[in-house]
Amino acid sequence: MRISGVQTYSPKNLEETLQILYRHPLQFYILSGGTDLVVKMQDGVIHPKHLLNLSFVRELKGFSSEDGQIVLGTNVTFGEILENSLFRKQAEPLYQAAKCMGSPQIRNLATLGGNIINASPAADSVPPLFVLNAEVCLESVNSIRWVKIEHLAAGPGKTIRKPFELLTKIRFPIKPASWHGGFLRLGQREALAISKVSLAYWGVLENGVIQDIRLALGAVAPTVIQPPKTEAFLKGNTLTETEMTRVAEILKTEVHPISDIRSNETYRREMCGVLLKRALRQLMTQCT
Ligand SMILES: Cc1cc2nc3c(=O)[nH]c(=O)nc-3n(C[C@H](O)[C@H](O)[C@H](O)COP(=O)(O)OP(=O)(O)OC[C@H]3O[C@@H](n4cnc5c(N)ncnc54)[C@H](O)[C@@H]3O)c2cc1C
């Protein structure tokens, strides 16, 4: 098949896909939903001659819940995440991030794998995957390796994926029903905007005391980050307004945002504190 001078290969199964990638690792651009890749082609940022279209590879679709884990194929779309109550109940941060993504049209095309490999510090699915303790599977003809999500990105737009490897699956453990979480973000406007700051949380509260909590922030560093000092302060703490103000100050010292066309460093730092307080209030409501 040819699309405006670009040769597109559409393998039907994983074996064939991995073989093509192994034989021609640098010639092919991998195409999933195309919502990042095609925009870059249209803007003249990249000029692929060959596309490897994953849309028909059945092994990369769908998801399952077994042995205490949720496993998703890389080509699961954000629309599919929103349609399934499994994610609303057992992966609230990811479900809420899917709700924020683009528009309905974008959500129906955009895949989880494409969002991860694009490695934008503002990618909305990545902070949720951090707090859910996710791992991604990088597969080639002769190797399979599971990598913790926090070890995947090497900088804006860069990952440790080798050119002959394909991201095939994403998995994370299922937590007891007492765990709750969410995803909050600030952008230029509610919809169709790239996050200026985002925060995912996933935790458990008993009698007003935080038993455990995981936090991750997007768009405040070259990659998504977790703030270990803030998490440590929160564990075992009671969520009074005074404590929330204290922990918001701790978080502001842990992030190192940059100024760019979307926002400046001071605003991003302040908003980390604001989003954290909102998240903690939301967690209190969810856990009562
Ligand atoms: C109008 C608009 C609004 C948007 N809004 C948001 C938003 O709110 N939040 C947000 O986070 N993003 C947003 N995006 C960005 C984009 O939609 C997401 O990043 C999307 O999830 C990318 O997935 P995709 O399937 O379209 O990836 P593609 O564009 O197909 O691919 C993205 C990159 O990943 C590589 N790739 C894809 N799949 C694999 C794989 N399995 N293995 C290895 N490499 C792979 C591709 O080669 C490419 O480099 C928006 C984009 C547009 C155009």
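**Close-up 1. Right-handed crossing of α10 and α11 in the predicted model.**
Helix α10 crosses helix α11 with right-handed geometry. α10 spans residues 241-254, and α11 spans residues 265-286. Their packing angle is about 140°. The axes lie 8 Å apart. Angles over 145 degrees count as roughly antiparallel; α10 and α11 are therefore oblique to each other.

**Close-up 2. Residues at the contact of α10 with α11.**
From α10, the contact draws on Glu241, Met244, Thr245, Val247, Ala248, Leu251 and Lys252. Facing them from α11 are Arg269, Glu270, Cys272, Gly273, Leu276, Lys277, Leu280, Arg281 and Met284. Sorted by class, the contact of α10 with α11 holds eight nonpolar, six charged and two polar residues.

**Close-up 3. The cavity of the predicted model.**
One cavity of 30 Å³ or more turns up in a search of the whole structure. The largest cavity has a volume of about 120 Å³. Its lining comprises 14 residues. Closest to the centre of the largest cavity are Ile116, Ala119, Val126, Ala153 and Val224.

**Close-up 4. Lining of the largest cavity, by element and class.**
Helix α8 (126-131) supplies at least two residues of the lining. Strand β9 (153-155) likewise supplies at least two. Val126 and Ala153, among the residues closest to the centre, fall within α8 and β9, respectively. By class, the lining of the largest cavity has ten nonpolar residues, three polar and one charged.

Terms used: Residues are numbered from 1 along each chain as its sequence is written. This is a predicted model: local features need pLDDT of at least 70, side-chain atom pairs count only at pLDDT 80 or more; totals for chains, interfaces and linings use all residues. Side-chain values use heavy atoms; hydrogens and water are left out. Axes are lines fitted to C-alpha atoms, for helices over the stretch in contact, and angles run from 0 to 180 degrees between N-to-C directions. Helices (H or I, at least four residues) and strands (E, at least two) are DSSP runs, numbered from the N terminus. Angles under 35 degrees count as roughly parallel, over 145 as roughly antiparallel, 65 to 115 as roughly perpendicular and the rest as oblique. A crossing is left-handed if the near helix is turned anticlockwise from the far one by less than a right angle, and right-handed if clockwise. Contact means heavy atoms within 4.5 Å. Ala, Val, Leu, Ile, Met, Phe, Trp, Tyr, Cys and Pro count as nonpolar, Asp, Glu, Lys and Arg as charged, and the others, Gly among them, as polar. On a 1 Å grid over the protein atoms alone, a cavity is a set of points where a 1.4 Å probe fits but cannot get out, and a pocket is an open set with protein on both sides within 12 Å along at least five of seven lines; lining residues have an atom within 4 Å of a point. Grid points are joined across faces, edges and corners, and a volume is the space filled by probe spheres set on the points.
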